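Look at the sequence and the model, then read on.

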Amino acid sequence: MSNLDRHPSEMPCGGRAVVAADPVRELQRGATVALGGPRAMSVTRTLPNRARRMVGAWCFVDYYGPDDITGSAGMRVPPHPHTGLQTVSWLVAGEVLHRDSVGSLQLVTPGQLNLMTAGHGISHSEESPTSRSPVLHGVQLWTVLPGGDRHVRPHFEHHPNLPELTDTGVSVTVMMGELGGAASPADVYSPLVGAEARLGPGADTRLPLRPEWEYAALALAGEIDVDGVRLSPGPLLYLGTGRLDLSVRADRAARLLLIGGEPFEEHIVMWWNFVGRGHEDIVEAREGWMRADPRFGTVHGYPGARLPAPALPNVRLKPRSRRG
């Protein structure tokens with residue numbers, strides 16, 4: 001067993017495995033959700049859930065595929081709005097075409113990061129391009145913007161080149177934030193990490209963590225032993241805080257998503273595609289979208305109508321903590 005580092009010959013902690021005194025291992029099964037409408041492709045949503053609403057600033061995890069889309073339209077998500085968050089698009093296989101109201105037109109491909117910062121307000125669409133691979137497989141994630149940054153100017157980033165950590169039979173791409181001294185060039189507004197580990201057959205390593213951060217893991221492909229838990233695609237494994245490293249092992253080729261960060265202590269309201277700090281924030285955002293407020297701009301080129309907002313519930317939306 002070895003410790004993963006930017007320089008595999010250098011082993012942090014003197015080569016010793018360090019684990020939390022009382023490690024947390026909570027398996028969240030998730031729910032099946034139709035993406036973009038009742039006849040759209042299905043995703044498995046593991047965050048937020050009843051037991052846990054956030055992992056660091058990460059507040060949303062959708063896993064989809066691998067889906068054979070040769071006989072279907074694939075992904076078709078009409079223009080829709082966002083406020084107070086960042087969207088993170090990461091693919092294992094296939095392509096997704098992103099359009100947004102700040103004028104971006106970008107193809108998402110495996111191993112490249114598409115990051116959209118909604119800030120005060122933005123809208124975008126996602127669709128499988130006409131010329132596409134037969135299989136679509138990936139994750140869509142959100143991070144909450146902290147209170148001081150939630151009205152930041154909306155913008156879009158595409159990062160085709162991202163830093164990597166390596167070990168024998170293991171390669172880890174750091175898509176967001178920092179891991180083991182490797183830092184992504186993507187804009188982040190909270191201390192956090194998002195990374196994908198690709199493990200070859202027989203790979204056995206330890207991912208460097210920060211004990212003050214909380215973490216969770218999601219298998220993207222294959223089966224992986226994560227701190228003694230056999231993880232297959234679908235469920236999210238919440239790992240808590242207090243760890244200096246994380247044991248990961250695979251008998252066959254596999255891929256793992258690791259997310260984590262400093263626990264997010266602000267109370268938020270998350271409803272539909274909006275993140276706010278109170279009921280009024282959500283009402284204002286919904287009404288603005290429905291009346292085509294310039295706040296959200298216009299998505300040009302999508303072959304279809306905008307997605308209307310659902311009706312608000314008949315109760316006042318209350319800010320909630322990361323624990324629910």
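Two strands count as paired if DSSP finds at least two bridges between them. Strands (E, at least two residues) are DSSP runs, numbered from the N terminus. This is a predicted model: local features need pLDDT of at least 70, side-chain atom pairs count only at pLDDT 80 or more, and totals for chains, interfaces and linings use all residues. Residues are numbered from 1 along each chain as its sequence is written, and side-chain values use heavy atoms, with hydrogens and water left out.

**The open sheet**

- Strands of a sheet pair through backbone hydrogen bonds, either parallel or antiparallel.
- An open sheet here has 7 strands, in the order S3-S4-S5-S12-S7-S10-S13, and the pairing is antiparallel.
- The edges belong to strand S3 (31-34) and strand S13 (155-159); each has a single partner strand, so one side of each is left without a neighbour in the sheet.
- On average, neighbouring strands of this sheet are turned by 20 degrees against each other, direction ignored. Such angles are taken between axes, which are lines fitted to C-alpha atoms; they run from 0 to 180 degrees between N-to-C directions.
- Inside the sheet order, S7 (residues 85-93) and S12 (residues 135-144) form an antiparallel pair over 8 bridges.
- Gln86 stands opposite Thr143 in S12.

- Strand S8 (residues 96-100) pairs with strand S9 (residues 105-108) over 4 bridges, in the antiparallel sense.
- Val96 has Val108 in S9 as its bridge partner.
- Between S8 and S9 lie 4 residues, and the two strands form a hairpin. Gly103 in that turn has a positive phi of about 95 degrees.
- Strand S14 joins strand S15 (residues 170-179) through 4 bridges, and the two run antiparallel.
- Asp167 stands opposite Val170 in S15.
- S14 and S15 also make a hairpin, with 2 residues between them. In its turn, Gly169 has a positive phi of about 75 degrees.

**His124**

- Where is His124 found? His124 sits in strand S11 (residues 122-127).
- Is His124 buried or exposed? His124 has a relative accessible area of 2%, so it is buried (under 20%; exposed is over 50%, partly exposed in between; 1.4 Å probe, protein chains only).
- Its contacts (heavy atoms within 4.5 Å), leaving aside neighbours within four places in sequence, include Pro78, His80, His98 and Val299.
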